[in-house]
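Q: I have a structure open and want to learn how to read its features. Can we go through it piece by piece?

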Amino acid sequence: MKFSFYTLGCKVNQYESQALGELLLKFGYEAAAEGENADVCIINSCTVTAESDRKTRQAVRRFKRNNPDAVVVLTGCMPQAYPAEAESLIEADIVIGNKNNVELPEILEAFLRDRQRRVVTSQHGSGEAFDVCPITSFNERTRAYIKIQDGCNRFCTYCIIPVSRGRVRSKPLDVLKRELEDLSAAGYKEVVLVGINLSSYGQDIGESFCAAVELACSIDGIERVRLGSLEPDHLTEEVVERLSKCKKLCPQFHISLQSGCDNTLRRMNRHYTADEFRSLCNSLRSKFKDCALTTDVMVGFCGESEEDFKESLRFVEEIGFEKVHVFPYSVRIGTKAEKMDGHLPKTVKEKRSAEMIYECEKIRRKFLNSQVGKVFSVLFESKEKDGLILGHTANYTPVKVSADRELCGKLVDVRLTGVGKDWNTGEIL
């Protein structure tokens, strides 16, 4: 039988789809080719926003409609956080939470025997160990994501992640080392360390986040190490100093801001102030050459006044992030924010989102223009529909070049010569 994945959400979900796929291969299943109908369609869901849930419901119904004879499996964060809502999606033949992923082969075999619907959603508990399910390859040829951490202890008032992911737990360093070595042997030149609260790595096993980064940088064959989304309050001056000594570490940091207004940060139960965030940005830019800072910004949170929004906007403009993901607040049932006062109309949230995006796009354009004339080593990844070859610099600037030779998987020096829609153009040196 052949399987396929449809993965929503973060890089952790992408890693888990890869790990689950490798598990199914061990049980005798085959991966369907692109465009080929699969016997088992697996939707790995996200539930970080209401829009994520909508996309999940849409995907489940679409897969069953387009391939009615296939076994449709719904897994991931949505059934983990909202099991009743997931169970109500009758188009899904099997519903499991992310905690039950490793049980999928057995659950699938049981379903195939009697065709009776299965719903299995065990809850995360305290003292839970990291679910070790390492990968040996990744769908992308040049870059592999490696999940080293799961769960969150933060309980931000707007966030359902502690329910959908449980408490902080970390991959043992010896397991991580073997996984890195396997990926290096498979030819991957760049790895991205990812987690739900990545910078909390090691809190449960007496290790440090820096130790995991240093280990990744020590592996022969791995030429670049990149980091997933980071929480600012874990990035102390000592951590930044230690990371700056890792020569293979890419100078691109995605640090979750959420808001540049202290009033809003307090209501969100974030663990830093705007001034502390500013200091961190200054520290990173002083320690890492060609440093690029990217972030997430939420607008329209409960009680956000017009002045609060303007303060957040001014802060984003001041920092000058190289790229910003902007999104409006959406209610997550079961969070503290659900019962807070001051929920804003959809029209207000959409207006503020549009204004923030407009200003952030101007900053992005300014950054791309500032890169013109510089020379970077670019890791090329794919040939695009426009015939150009796409790659990324160490600071994750997208670069497109015209070339008549195979470049994918290679690191090549490129001079940036211009600006496209959301990338730089370049010429190979």
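Q: Which residues does asparagine 98 touch, not counting residues up to four places away in sequence?
A: This is a predicted model. Start with the neighbours. Asparagine 98 touches Thr75, Gly76, Cys77, Gln80, His124, Ser164 and Arg165, leaving out residues up to four places away in sequence.

Q: Where does asparagine 98 lie?
A: Asparagine 98 is in the loop between β5 (94-96) and α5 (104-114).

Q: Does asparagine 98 count as buried or exposed?
A: Use the cut-off: buried means under 20% relative accessible area. Asparagine 98 has 7% relative accessibility, so it counts as buried.

Q: Which residues of α5 are buried?
A: First the general idea. An α-helix has 3.6 residues a turn, so residues three or four places apart point the same way. In α5, the buried residues are Leu104, Pro105, Ile107, Leu108, Ala110 and Phe111.

Q: What covers the buried residues of α5?
A: The cover includes α1, β3 (40-45), β4 (71-76), β5 and β6 (118-120). Look past the helix as well. Arginine 115 follows α5, and its phi is positive, near 55°.

Q: How do I read a sheet, and what is the order of the open sheet of four strands?
A: Strands of a sheet pair through backbone hydrogen bonds, either parallel or antiparallel. Here the order is β8-β7-β9-β10, and the pairing is mixed. β8 (169-170) and β10 (224-227) are the edge strands, each pairing on one side only.

Q: In what sense do β7 and β8 pair, parallel or antiparallel?
A: Strand β7 (residues 143-150) pairs with β8 in the antiparallel sense, over two bridges.

Q: Which strands does helix α1 touch?
A: Helix α1 (residues 11-26) packs on this sheet and touches β7 and β9 (190-195). Its direction makes about 105° with that of β7. Compare helix α7 (residues 173-185). Helix α7 lies across β7 and β9 and runs at about 170° to β7.

Q: Where is the place of isoleucine 222?
A: Isoleucine 222 sits in the loop between α8 (209-218) and β10. Isoleucine 222 has a relative accessible area of 1%, so it is buried. Check its contacts next. Beyond residues up to four places away in sequence, it touches Leu180, Ser184, Tyr188, Lys189, Val191, Ala216 and Lys248.

Q: How many residues apart in sequence are isoleucine 222 and alanine 185?
A: They are 37 residues apart in sequence. In space, the C-alpha to C-alpha separation is 9.3 Å.

Q: What is the strand order in the open sheet of three strands?
A: The order is β11-β12-β13, with parallel pairing. The edge strands are β11 (252-254) and β13 (323-328), and each pairs on one side only. From one strand to the next, the twist averages 15°. Strand β12 (residues 292-299) runs parallel to β13, and six bridges join them. Methionine 298 stands opposite phenylalanine 327 in β13.

Q: How do I read helix packing, and at what angle do α11 and α12 pack?
A: Two packed helices are described by the angle between their axes and the distance between the axes. Helix α11 (residues 274-287) and helix α12 (residues 306-319) pack at about 10°, with axes 11 Å apart. Angles under 35 degrees count as roughly parallel. α11 and α12 are therefore roughly parallel to each other. The crossing of α11 past α12 is right-handed.

Q: Which residues make the contact of α11 and α12?
A: α11 supplies Ala274, Phe277, Arg278, Cys281 and Arg285. α12 supplies Phe315, Glu318 and Ile319. By class, the contact has five nonpolar, no polar and three charged residues.

Terms used. Residues numbered from 1 in each chain as written. Predicted model: local features only at pLDDT ≥ 70, side-chain atom pairs only at ≥ 80, totals over all residues. Heavy atoms only, no water. Axes fitted to C-alpha atoms, helices over the stretch in contact; angles between N-to-C directions. Parallel < 35°, antiparallel > 145°, perpendicular 65-115°, else oblique. Left-handed = near helix turned anticlockwise from the far one by under 90°. Contact = heavy atoms within 4.5 Å. Nonpolar A, V, L, I, M, F, W, Y, C, P; charged D, E, K, R; others polar. Pairing = 2+ DSSP bridges. Buried < 20%, exposed > 50% of the residue type's maximum accessible area, 1.4 Å probe, protein only.
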